[in-house]
Structures are given as C-alpha cells and as structure tokens.
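Thanks for sending this one over. Please have a look at the model below, and then read my notes alongside it.

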2 protein chains.
Amino acid sequence: MATMKDVAQRAGVGVGTVSRVINRVPGVKESTLIKVNQAIKELNYIPDEYARGLKTNSSRTIALILPSVWYPFFSEFAYYVEKRLDKEDYKLLLCNSNGIPAEEAKYIKMLKQNKIDAIIAITYSDIEQYIYSNIPFISLDRYFDKKVSYVTSDNYEGGKLAAKKLLEHGARNLAYVGSHSKYPNGTLLRRDGFRDYLEDMGIDYKEIFLQEPVNDFTPYILEMLKAHPEIDGIFCHTDSLLLKLRKILTQHGYKVPEDIQLIGFDGMNLSSDLPLGISTIAQPVEQLANGAVDLVLRKIADPSLKNEAKMYPVKYVDGNTTK
Amino acid sequence: MATMKDVAQRAGVGVGTVSRVINRVPGVKESTLIKVNQAIKELNYIPDEYARGLKTNSSRTIALILPSVWYPFFSEFAYYVEKRLDKEDYKLLLCNSNGIPAEEAKYIKMLKQNKIDAIIAITYSDIEQYIYSNIPFISLDRYFDKKVSYVTSDNYEGGKLAAKKLLEHGARNLAYVGSHSKYPNGTLLRRDGFRDYLEDMGIDYKEIFLQEPVNDFTPYILEMLKAHPEIDGIFCHTDSLLLKLRKILTQHGYKVPEDIQLIGFDGMNLSSDLPLGISTIAQPVEQLANGAVDLVLRKIADPSLKNEAKMYPVKYVDGNTTK
C-alpha cells in the first residue's frame, strides 16, 4: 500500500505539504493542491483518517444518544441522521441509554475520551451533564432551556389538532391519556394544546396523566371508563401508548374505533413503505433529523455560536383507529 | 485536568510505565499496576482513548452494517449488539447500506481508514468485499460460505414449523409467498423447510417467489387467489411481508384470519413490551446479537481463528393472523 512518502515523491513536494493537504490546513497553493491530490489518486493512497483525527483533534464522528434504537420513531430518526451524516463525511456512534441518566453520564464520559465532535441526544433526563461536557450538543424536544440548541415538532399544535380531529370524527366525550418523566420536555405541550383547544370550545374532558415509569395502564383505563362510560374518544400521548390502549380496550370488550376512537402522536412507520395504519399526529422525522444535523454541523464549525431552535409542523394521518 | 505525567509522579513511576498500564501491555508488575491504577483514580485522570487507539492500532469500535436500522427486526438486533458491546467496553458505529452493494463498499473503505476493529454485517449482497477487507467479519444469515463466520436462526426448521402450524390451525390449502435477492442467503431455507414438510406429508401447495426488488405484491396475490380460490393459509417470508399481504387481502375483501390465515417470520416487536400481535416464527434476536458479539470478540483476539457458525432455534408465536 502507498504511503505518504510515496505521494510526496510522486507530487514532487515534501511530506509536510502532503500532510497539510490531507489535514485540510488552509494556505496550501492551488497548484500544489492539484499536484498532491493527483498523486493521491494515481497511487490509490488511503490516508489514515484515524491518525489524522489526532492532529485535527476531530474524529469526524457524532454520537447519537437515545433511549432505545429499538423503538420505531427513534430508529427512523437514527436512520435519517446517519444517512445525512454519511453524506457529510461524518460517522455515527450509536448509544442506547434506556433513558437512564447514569447510562447517559457513562456515555458522555466515554465520548469525551474519544474525540467525538458532537452529540445529538434524545434525553428525557437531566441535561446539565451534556452542557458541562463541553461537547457541542443538539437536543430533540428539550425546548424549555435556553442553554441548548434543539429541534422539535410543533407539539402544541399537534395536541390541538388531535382534539379537533377527534371531534370532527364524531367523538363527543374526550379524554387524554399520557405520562411524564421527572424532567420537563417538549412533548408535554401535546397535552397543553389538547386542553387549550377544548377549553376554547367550552368542552370538558377527562384525563389520565401518570408519573413514569408506568407498568400497566389497564387499571387506570378501566377505572376511568367505569366512572365515565360516555367516553368515546382518547388522545394518546404517543403511538406506542395508543397500541397498548387499543390492546387493553379490545381485551375488555370495547371496539376500536366503533366504541372508542383513538388518535396517537409520532407517526411511527415500520419502514419507509410500511405505516402502522393507526390515526395519529405525525412528526416530520426526516426533517427533524436533517435539522438536527444542520444545527450540529454549524455548532462544530463555530462552537461560540448562540443556541438555536427549529420547530417543524406536524400533520394528521387518518387511520383505522378513528371512524 | 490531570495528565499522564501527574499520574506517574503520584505513583512514583515513569511515564512509560503509566502508558504501559493504560495500554494494557502485558508484563507490568502487579504491585506497580495497583499503584498506577490508584493514582489514576485519585487524580480522576481520564486517559485519551483516541491517542491510545493509535498505539494499540485499535479504536475499540465495531461497525454494524445493515440494510436499515429503521426496520424493526434490525433495530432490535442493533439495540442488543450495542448494549452488549458497551458492556465489553466497545463502541458501535452504525452504517445503513439500504442493501446497496456500492454503499457497503463505501462503508468498508471508510472503516479501513478508521482502525475499526471488526464488522458485523447483515448483507444480502456480494460478501467477497468483506472478506478482502481483512477486517474481522461476522455475518448474519450467510451460512453458505465457509469463508465467513456467521450466526443464524434455524430457518429450515422455522419453515417446517410454519407449515405444521398452518395445518394445525385448520388451514388446508397452503401457499408460500416470498422474494429473493441475486445472492443466496440463509433465509431461503425457510422456503425449503416449508416445502419439505408438506412434501413429506404428501400435501400440494402454491407459491409466489419473486426476484427482488418487488414494488407491489398485489397483482401476484390476486392472480394466485383467482386461480386458486381454495387457498386458506399463507406462509409469508417475513413479518413485514405478512403486514403488506394482510393489507392487500383486507383491501380486496378477504378476512384475516377467517378467510385466509397468515404466518410470518422474524418475530418483530416494536419494543420490549410491544409485540405486533401477528402469528409468526420468532427468531431469538437477543441471542443472535450476543452470539455475533461473542464471535467477533474472539476473532479480534485471534484473527487466525477458523471460521465458526452458530445456529439458534426459532419458536412459533401465536397471534391474530391465525384462527
């Protein structure tokens, strides 16, 4: 295999010049650049990216920390982030935190030791540790904090849309079912939007809103339906929760959507050509992923950049859980 | 932040000794090891893993190349591989090839430049390029070639089991529906098992077996059901295909499972607590992932190791697509 020395010889320059070209150090003459790049091509020289990383203090690697790549919405996000990073000549390091803060902390320590250029994180736990890591950091759904850059869907409008669509499909007695972690995050706005839309319309509604972790929604659901048998439409905080509620309802003799209509949130697809077929408020996952990568690349280029936020619109997708 | 020099001073040894301890070079005295490790702890010294990689010629990173992490079966596999690698102090680099050989080739070239220790790949294209990369390589489902180590489910028994279960659930006129790529792979044994079981029983069956890519199975399915309206049980090559067929059948007035029963293959779960609810032959994904990591770590420890294969049993999971 060709070495840097071979390239220098062929190009008629010093090894230092070849190194500067490979490491993208500015100030190399145009004519020299052309000569060196041609020699690289002719000799089929493969520069050692790893050794280069030590010099440039960059591994051209971005870490994606998420609760679990297994969950369809996150796996779609991971897919689009990686495809875009690959185009930009960056690599993706995958970290599954299971939503456990101690796991996230362990990953952050590891990333600091490995010259990772930036972190994109879906975290519902304490984000201070990300901020103090000094690694450029982009978050999904953590809008509330000016200390981080983030991308998010319009969760608030999504909540309003869910209420509107349940009413349009003929549901008259509504409920919201969801859960929340100890730390605030953008997805809670779904509940706010739902509430505000119905309050504006002067319509009352019921609610189940539990602290995570929730092992089983069954007793809560059955209790609510016993106390309020008139309920005929439920807005579920996520698609995953919708699927669980549908199962519980079906097992207990309720028909979906005949007796109770359900609208979820996320727009999970099993793959590009395989939607779940449920009624849901869909997030634009590809846009969110590209937005996160845009922000992260700008942060890497200029770490002094002020924090930015980008919000993307959601849309209603009609499926088999509404009439 | 503490440096290697600080550690050496505190431990009363030379910097070279500290370096040998950090880089796990054998031959350091036990008492010295203890002293150095204690100094590392006391000073909260974080060794630069990246620089260490240059010395040991290892980045402690393993690449996972798969068609798309978006697809639930692959995302579950990726999840378990990463969790296990993390335990073993390895990192996971994620590569989505979309099943395109040129994409795989691009990734392999990139991995060679980045001191990646090994590759785990789910590839249904030409594997020669992996073999010639000289990077330790473990495959899923590529049993046919003695040149690679692989893990696989017992696809053949799974195919037999699918036939058996369809009959047990009362289906009498069976069909197999699947597709295949240009290159052979282990999943084709599902079809063989299905065929052999029925031939042994002296039972005839129909088949749709198309060359990939297949845009839409609709015309083929409708044609088969027109020619053979007696068909009441279909073995689908994957769960994903089952979901597509169920949609097609429902759209054209067939009831699943009342008119036609379906059994898939893979055992896709949307997350650890969210199965799809379909009838399927389930692969033991966590075992496959751990098996692949076991093989890959042994290959890294001893690249001269002979190629190995590990096969894992499948099981039938009853769901709502059989009676």
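1. Let me begin with handedness: a crossing is called left-handed if the near helix is turned anticlockwise from the far one by less than a right angle, and right-handed if clockwise. Helices here (H or I, at least four residues) and strands (E, at least two) are DSSP runs, numbered from the N terminus. With that in hand, the crossing of H8(A) and H9(A) comes out right-handed.

2. A word on the ground rules. This is a predicted model, in which local features need pLDDT of at least 70 and side-chain atom pairs count only at pLDDT 80 or more, while totals for chains, interfaces and linings use all residues. Residues are numbered from 1 along each chain as its sequence is written, chains are lettered from A and ligands numbered from 1 in the order in which they are written, and side-chain values use heavy atoms, with hydrogens and water left out.

3. Back to the helix pairs. Two packed helices are described by the angle between their axes and the distance between the axes. The axes are lines fitted to C-alpha atoms, for helices over the stretch in contact, and angles run from 0 to 180 degrees between N-to-C directions. Helix H8 (residues 155-168) of chain A packs against helix H9 (residues 189-201) of chain A at about 50°, with 6 Å between the axes. That makes H8(A) oblique to H9(A); angles under 35 degrees count as roughly parallel, over 145 as roughly antiparallel, 65 to 115 as roughly perpendicular and the rest as oblique.

4. A second pair involves both chains. H6(A) and helix H5 (residues 72-87) of chain B have axes 13 Å apart and an angle of about 65°, and are therefore roughly perpendicular to each other. Their crossing is left-handed.

5. How is chain A divided into domains? The assignment gives domain 1 (4-51), domain 2 (61-153 + 285-312) and domain 3 (155-283); the bounds come from an automatic or database domain assignment. The centres of domain 1 and domain 3 of chain A, taken over C-alpha atoms, are 59 Å apart.

6. On to the charged pairs. The structure holds 32 salt bridges over all chains, each being a side-chain nitrogen of Lys or Arg within 4 Å of a carboxyl oxygen of Asp or Glu. One of them pairs Lys244(A) with Asp273(B), at 2.8 Å from N to O. This pair crosses between chains: Lys244(A) sits in helix H11 (residues 239-251) of chain A, and Asp273(B) in the loop between strand S10 (269-271) and strand S11 (274-275) of chain B. Lys244(A) is partly exposed at 27% relative accessibility, and Asp273(B) is partly exposed at 46%. Here buried means under 20% relative accessible area, exposed over 50%, and partly exposed in between (1.4 Å probe, protein chains only).

7. Within chain B, Arg191(B) forms a salt bridge with Glu207(B), their closest N and O atoms being 2.9 Å apart. Arg191(B) lies in helix H9 (residues 189-200) of chain B and Glu207(B) in strand S7 (residues 205-211) of chain B, so the pair ties together parts that are 16 residues apart in sequence. Both residues are partly exposed, Arg191(B) at 23% and Glu207(B) at 33%.

8. Another chain B salt bridge joins Asp204(B) and Lys206(B), at 3.4 Å from N to O. Asp204(B) is exposed, with a relative accessible area of 60%, whereas Lys206(B) is partly exposed at 24%. In chain A, salt bridges that share partners link Arg84(A), Glu88(A) and Asp294(A) into one network.

9. How many disulfides are there over all chains? The count is 0, with a disulfide taken as a pair of cysteine sulfur atoms within 2.5 Å. For Cys95(A), the nearest cysteine sulfur is that of Cys95(B), 14 Å away. Cys95(A) is buried at 1% relative accessibility, and Cys236(A) is buried at 0%.

10. Finally, some backbone details to check. The peptide bond from Val256(A) to Pro257(A) is cis, with omega near 10°, and Pro257(A) is in the loop between H11 and strand S9 (261-266) of chain A. In chain B, a cis peptide bond joins Val256(B) and Pro257(B), with omega about 10°. Arg60(A), which is not a glycine, has a positive phi of about 50°; its place is the loop between helix H4 (49-56) and strand S1 (61-66) of chain A. Lys115(A) also has a positive phi of about 50° without being a glycine, and is buried at 15% relative accessibility.
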